[in-house]
Amino acid sequence: MEAFKTFASTAMPIDIPNCDTDQIIPARFLRRAKTDPDYHRYMFHDLRFDADGVEKDFVFNKPVYRKAEILVADINWGCGSSRENAVDAMTANGIKSVIAPSFGDIHYSNCIQNGVLPIQLSAEDCAALRAQLRESPGAEIAIDLDAQSLTGPDQATYDFDIKAFDKYRLLNGLDDVQLTREFDAKINAFESGYKADNSWAY
Amino acid sequence: MGKTLFEKIWERHVITEREDGDVLLYIDRHMTHDMHFRLFGQLKEQGLSIRNPDQLYATPDHSMPTTARTLADIPPGEMYDAVSVLAQSADELGFHHYPMTDDRHGIVHVVGPEQGITLPGLTLVCGDSHTSTHGALGCLAFGIGSTEVMHVMATQTLWQRKPRAMRITVTGTLGHGVSGKDVILAVIRKISAAGGTGYAIEFAGSAIEAMSMEGRMTVCNMAIEAGARSGLIAPDDKTIDYCKGRPHAPTGAKWDAAVDYWKTLPSDPDAVFDKEVTLDGDAIAPMVTWGNSPQYSLAVDEAAPDPALESDPIVRAEMAAALDYMDMKPGMRLSELSVDTVFIGACTNSRIEDMRAAAAVAKGRHAKARTLVVPGSGLVKKQAEAEGLDKIFMEAGMEWREPGCSMCIAVNGDMLAPGERAASTSNRNFRGRQGPGSRTHLVSPAMAAAAAVTGRFTDVRDLMEPDLIEKE
């Protein structure tokens, strides 16, 4: 996994409260391989394209956002299905961070697992950022994970919280399974004790 | 201080704790299905193997047409690949697998409890958000993403952050015609689709205690629709009776040891919850959702809300967009809406009790809308047929299908046409969930059957024998 670096990018406002992962990637694309060259088209597919594949009037289709690497969303972003394909669709479009007032729990973990930074700000701050982005399409947000802060189009600084370990993993691009390997001895010891104590379950 | 049911199970599974409080949790049971078929190749590429194949249980559920009985009945393509790769991987890697031709196959969240894979006091995960279902047995169960699925396959563990504790108490007695589905829709309406985010929810109270195991599974199934990864219900005599004799349940002295442990699991009287919510069970009516989030539901006799009366501009816009998408108007009665299709099934409502509830309404009546009845497993199908329920459905002009997820997620060919309106016993009314442009209203099995036989949303209590209602 690639290490997360400080960066600035055009940010795209997504004014959809409770934007579920079915919107981010419809279920009929879930069996596709990540290597599918069309994968990027599956993100927000049904909001972006009509039945004939013609682009609809949706923020994601606006040329000014073609290179956006940041989304500013609304409450409960990524709720619903556990599909990690939602994050795959985001990374296929170069999205590196989502700023929202709240996240679906499973989607939040899926972001961390794939090097995408979920940033939680208050609903007011997110609404203010989206308003700025709507007023100045193409405006940039700068994100510094190490300092846990971002700079909005208004040049104001917004601090955010993140679990120390999530931050460490993102900054170092670490993979969970490799990390857990270091605990093999502990897992083995726990497992034999646990199974002896709970033989009814095995 | 006393402990909650959740804490008791959690603490028993902690291998180690990191400085930031995250723990490495031991996973007793891992379930998987066909949609993760690509992971087996990735596992190989990364040089990983399945650490405990005996703790991994698989069944195909998403990708089978509900007319297919064997793999050969699935046309070549993605659906076939998903089901066949899962079967081949099971052969190769040695994990449990219930293939399409085995009566024990079905929707993973129906199969787990049915086979005794799900038991009180265990940890169970699956790459599917509705894994919360298994919590109805007092099992700590939650959905995970595919990277986490591979992590569990490789290590039998997961790094987890301890959620906060919420207890939702449903008091009183549910009225006749009111089911677990109506309870959970009322709960989500009250606390919102994000109200449970960051929490593990324990459901309690007299209405939950009086509920069947099937009803409890319906309630826990939709904990995720309130944002909570897991929903739990304390194991009681009903739970113990349900588990007894199941193929993977312990027997003899091991059974006795299990029961002794399970009896220690209910939350202590002095356990403290971070949040407590109470609902009056007597006041819950049959529910119908009207919007594109499960939080937007109405009692069947209520009128559609008016966004103009909503003060929050974002919620106002969301409500207006939902009414527009659903082709509804503020103040409209649900009974004014005619339905095109009725779907009775999904991990929410495809167990034997659900089939019986739908059949009781369908009996002697005729469907006015296309109706698909899809049992949750081969065993549910067999049981329903032994009770003659299949004949009741077919005589009512409904279609009796092979088990699977079917029209809940619409990746098996069962779907709505654009603009079609469905009464559905599934758990998600998201835009396009049942096919692009589909309009989904979530209801209980009895309410779905009532919509089928009247062609519109109808209070199922009006179709029930009056003396039955009085007796309750």
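This is a predicted model: local features need pLDDT of at least 70, side-chain atom pairs count only at pLDDT 80 or more; totals for chains, interfaces and linings use all residues.
Trainee: Which helix of chain B gives the most to the side of chain B that touches chain A?

Mentor: The contact draws 53 residues from chain B and 43 residues from chain A. Several elements of chain B supply at least two residues each to that side, including strand 1 (14–17), helix 3 (78–93) and helix 11 (313–325). With seven residues, the top contributor is helix 5 of chain B.

Trainee: How many residues of the side of chain B that touches chain A are nonpolar?

Mentor: Sorted by class, that side has 14 charged and 15 polar residues. The nonpolar residues there number 24.

Trainee: What is the count of buried residues in helix 9 of chain A?

Mentor: Helix 9 (residues 184–197) of chain A reaches 20 Å from its first C-alpha to its last, close to the 20 Å expected at 1.5 Å a residue. A residue is buried if 20 or more other C-beta atoms lie within 10 Å of its own. Helix 9 of chain A is hardly covered, and among its 14 residues the buried count is zero.

Trainee: Why is one side of strand 11 and of strand 12 of chain B left without a neighbour in the sheet?

Mentor: The four strands form an open sheet in the order 11-10-9-12 (chain B), with parallel pairing. Strand 11 (230–232) and strand 12 (275–280) of chain B lie at the edges, so the reason is that each has a single partner strand.

Trainee: Which residue stands opposite Ile168(B) in strand 10 of chain B?

Mentor: Strand 9 (residues 164–171) and strand 10 (residues 199–204) of chain B run parallel and are joined by six bridges. Helix 6 (residues 180–191) of chain B lies across strand 9 and strand 12 of chain B. Opposite Ile168(B) stands Phe203(B).

Trainee: What is the bridge partner of Pro13(A) in strand 2 of chain A?

Mentor: Strand 1 (residues 7–13) of chain A pairs in the antiparallel sense with strand 5 (residues 140–144) of chain A over four bridges. Strand 1 of chain A also runs parallel to strand 2 (residues 70–72) of chain A, joined by three bridges. In strand 2 of chain A, the partner of Pro13(A) is Val72(A).

Conventions
Residues are numbered from 1 along each chain as its sequence is written. Chains are lettered from A and ligands numbered from 1 in the order in which they are written. Two residues are in contact if their C-beta atoms, placed from the backbone, lie within 7 Å. Ala, Val, Leu, Ile, Met, Phe, Trp, Tyr, Cys and Pro count as nonpolar, Asp, Glu, Lys and Arg as charged, and the others, Gly among them, as polar. The expected span of a helix is 1.5 Å times one less than its number of residues. A residue is buried if 20 or more other C-beta atoms lie within 10 Å of its own, exposed if 12 or fewer, and partly exposed in between; C-beta atoms are placed from the backbone. Two strands pair if DSSP finds at least two bridges between them. Axes are lines fitted to C-alpha atoms, for helices over the stretch in contact, and angles run from 0 to 180 degrees between N-to-C directions.
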